[in-house]
Amino acid sequence: MKPCLASLCLLGASLHALSQCTATSCKFYLEGDYSIGGLFDIHYIEDPVYHDRPEVIDCSSQRFSLSNYRRFELMRFSVEEINNSTNLLPNVSLGYELFDHCSDTLSFPEIFKLISVNGLIHPWAKPYKDLSKVIAVVGPFTSTQSLTVAPLFMVNLIPVVSYGSSSSALSDKIKFPSFLRTVHSNRDLIEVIVTIVQHFKWNWVAFLNSDNDYGNDGRDLFIKRIKDTKICLAYTTGLSAKTNYSQVFRNIERDKIYVIIVFAPELAAETLIGSAIQLNITNKVWIAGDSWSLSKRLQKIKRIKTIGTVLGVSQPIVSIPGFSDFLHSSKSHVQCGDDVEGNFCGQVCNCSHWSAEEVLDANPSYTFAVYSAVYAIAHALHRTMQCGAGGCKNLTVYQNKVLEELLKSNFTLLNQTIQFDENGNIKFGFYTVVFWNQSGKAQNVGFYNFHPKADFFINSTKIMWYADGKVPTSLCSSACPEGYVRKQKGLHVCCYNCEICPSGTYVNITENPFKCINCMDTEWSTAGSTSCSLRLVEYIPFTATGAIVIMVGTCVLVGLSLAVSVLFAINYNTPVVRSAGGPMCFLILICLGVCSFSVFFYFGQPTPVSCVLRYFPFILFYTVCLACFVVRSFQIVCIFKMAAKIPKFHSWWMKYHGQWLLIAGAFVTQAVFLISIFYDPPKPYNETSWYPEQIVLFCGINLGAACALILPLLLCCLCFIFSYMGKDLPKNYNEAKAITFCLLLLIFTWIIFVTVFMLYRGKNIQTFNGLAVLSSLYSFLLWYFLPKCYIIIFQPHKNTQQYFQGLIQNYTKTISQ
């Protein structure tokens, strides 16, 4: 209870003391019809202040900031300029109450002064009554200060226009409905920094931020912004009074980081850069935030050039007309007496020893931000009071009405159109990119425009890099050679090993540098490729020499088959024709002719129909041919051997026409089998495994089609067995020997083809296949039928009944003996 009473007493005493401050000669106060509050941290606390009881800090005892004092003077100048204007707020005087807001936790008396009336803070349940004379507040400067004190102004919707608070959290209009700012938010600043890093292709950076709301917000925004980029955050830490800078730079050197982003206020940056100089940190690229990119005190530090290259993002330097004269005027430097300053609630300036030149030479950042903040409030008040050339109509002003007009701001100030968006953020201005040159000055080398659209430019030729004039690199891993893929090592995608992409794959570093992409079936590539090439499509066209020769040979075979059929038809009743098989000869010749048409489908681009006609007709009708020769071989053995030894079987065979039953059974069995596998017939396919740069068009044979060869192989084996059993028949009537020789040629042909197929890879395998089929057909036509044609034409004396009976009688006598 006692601490609470003490706090209340202290608060009351502070408000009462503040209410008595009416000194008109002091820089901190100006009487006027309407007043603007101002919060400037002319002094700042270097080290955190710990206390065990409520107390108000004496700001004048803390370290002085010339840059902030310059902004303080600029507000005074802005108000004076507005009061001297005949167009803006005519016949209305604008006053101010300024405070040295050096602490976000111990400088609350001035805040209570601004929101109080006669030393009392009235409840806001009574609208438009007992409201503070202060219509708006300019400031505070830092994000932490705004996040701390702004809620106190939000209750009565007193407009707070900050000239330096850039935390993105302040864009939340639910929490901060009357907060506006004339500086870009951290989000915009981070966007510019990331754009610079991407422009120079740096992907391995350190981010050092002040350990407060401003710095932590910038770090969080940076991490979020680079999430989908090639930039990796190699190292980050918060900077505070307890920071071990030696350890910080040891970590940076250990990780081989050459680009350091410093997102911290001017004074924190001074400590960091000073430590870097003392620790002899060299060969770095420093990217400065807008709070210290124009720090002239840092630019004048000895050995500042040894740390490397300093790039910065800054607000544009706008020259304020008349400000220099204001500082030089005797009026602006009238100092309050000690008693006056002492009585004004501890608002002691301690600035009399600073000359006007020194003030003008301080960090010019946020100059236009202060100037535009004051003018935005003045214009809003002008519209709220409905002022015109003859004066103002509405003299009753409420803060929330001023806020409404502030959000509608649309006026021109020093060639800039002042506007705010729905979140209270500025819609005017741009950032400049600066380089600290050898003369110790910040030289403009680029810009980043936000409105009406994003526009970035940087002139790299103006930057004198520490690395012999070349843009330094900051990479965890060097770029992989062309055709190599990245294999990530560790947690960062920027750190990787390089591996070559194997043949048949390629790498596209713009899409995904971490994956070898497989080429399509119609493409190929060598190892280490960045793209795939179309494969050369290979097949045997009808115009190929080999195809023409084989097709001509096929036509000749068909012609010979037709001629043999005619010759056999003419000599049908002769012993040679009847011994060759009689009517079975015509079936064999017809099947050979039909099989020969399959040869034509081995050439040209394969189609589903050609693949079926390439195999099925040949397999089916060649099966019939083999069945016929099996019957012929069996009959030869049966007539000369089994007729005498097994007469009953011979008679049964002759009675029921066993030969035709066997042939029909073979035909039906093969036909049924081929029809059953017709649901998955041979299809065209692209052979891509033989040659990487070629696609050989083939007709694929599935397992079912391959099984269709079982019956022809079985018949071939039976035929060979039966014909071999008849090898000792009469020399001039040895049909078995002829069949055996044909079968040996057939087997030899396919053995050669299978050997070639296993050893050779290429499109000509189809030519060999067609040649093997044609050779299989010729083996029977030439070596079984043509000898008989020769006897019919050139040895007719052997084509008689007496001649054949003599051969049979002589063989019968021989085997009977």
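Modeller: A crossing is left-handed if the near helix is turned anticlockwise from the far one by less than a right angle, and right-handed if clockwise. This is a predicted model in which local features need pLDDT of at least 70 and side-chain atom pairs count only at pLDDT 80 or more, while totals for chains, interfaces and linings use all residues. Residues are numbered from 1 along each chain as its sequence is written, and side-chain values use heavy atoms, with hydrogens and water left out.

Biologist: How many helices and strands are there in the protein?

Modeller: The protein has 25 helices and 29 strands, where helices (H or I, at least four residues) and strands (E, at least two) are DSSP runs numbered from the N terminus.

Biologist: What share of the protein do buried residues make up?

Modeller: Of the 817 residues, 50% are buried; the word means under 20% relative accessible area, with exposed set at over 50% and partly exposed in between (1.4 Å probe, protein chains only). The accessible surface comes to about 38,300 Å², and carbon and sulfur atoms hold 60% of it. Such areas come from the Shrake-Rupley method with a 1.4 Å probe, and for residues only the protein chains shown count as cover.

Biologist: What percentage of contacts between residues at least 6 apart in sequence join residues at least 24 apart?

Modeller: The share is 70%, a contact being heavy atoms within 4.5 Å.

Biologist: Why is α15 called roughly parallel to α24?

Modeller: Helix α15 (residues 545–570) and helix α24 (residues 765–794) pack at an angle of about 30 degrees, with axes 10 Å apart. Axes are lines fitted to C-alpha atoms, for helices over the stretch in contact, and angles run from 0 to 180 degrees between N-to-C directions. Angles under 35 degrees count as roughly parallel, over 145 as roughly antiparallel, 65 to 115 as roughly perpendicular and the rest as oblique. The angle of about 30 degrees therefore makes α15 roughly parallel to α24. The crossing of α15 with α24 is left-handed.

Biologist: Which classes of residue form the contact of α15 with α24?

Modeller: There are 17 nonpolar, six polar and one charged residues. Ala, Val, Leu, Ile, Met, Phe, Trp, Tyr, Cys and Pro count as nonpolar, Asp, Glu, Lys and Arg as charged, and the others, Gly among them, as polar.

Biologist: What makes α13 and α14 roughly perpendicular?

Modeller: The axes of α13 (residues 367–384) and α14 (residues 399–407) come within 8 Å and cross at roughly 115 degrees, so the two helices are described as roughly perpendicular to each other. α13 passes α14 in a right-handed crossing. Residues of α13 including Ala376 and Arg383 meet α14 residues, among them Lys401 and Glu405. By class, this contact has five nonpolar, one polar and three charged residues.

Biologist: Where do the axes of α22 and α23 stand, and in which hand do the helices cross?

Modeller: Helix α22 (residues 710–725) and α23 have axes that come within 8 Å and cross at roughly 145 degrees, and α22 passes α23 in a left-handed crossing. Among the residues in contact are Cys716, Phe720 and Tyr724 of α22 and Ala736, Leu743 and Ile747 of α23. The contact holds 10 nonpolar, two polar and no charged residues.

Biologist: Why is Phe741 counted as partly exposed?

Modeller: Phe741, in helix α23 (residues 735–759), has 38% relative accessibility and therefore counts as partly exposed. Its C-alpha lies 9.3 Å from that of Phe720, which is 21 residues apart from Phe741 in sequence.

Biologist: How do you know whether Pro513 is buried or exposed?

Modeller: Its relative accessible area is 11%, so Pro513 is buried. Pro513 belongs to strand β24 (residues 512–518). Leaving aside neighbours within four places in sequence, Pro513 is in contact with Val485, Arg486, Val507 and Asn508.

Biologist: Is Asn91 buried or exposed?

Modeller: Asn91 has a relative accessible area of 73% and is therefore exposed. Asn91 is in the loop between α2 (66–83) and β5 (94–100), and its phi is near 60 degrees, a positive value in a residue other than glycine. Most residues other than glycine have a negative phi, and most peptide bonds are trans.

Biologist: What kind of peptide bond joins Gly139 and Pro140?

Modeller: The bond is cis, with omega about -5 degrees. Pro140 lies in the loop between β6 (134–138) and α4 (143–154).
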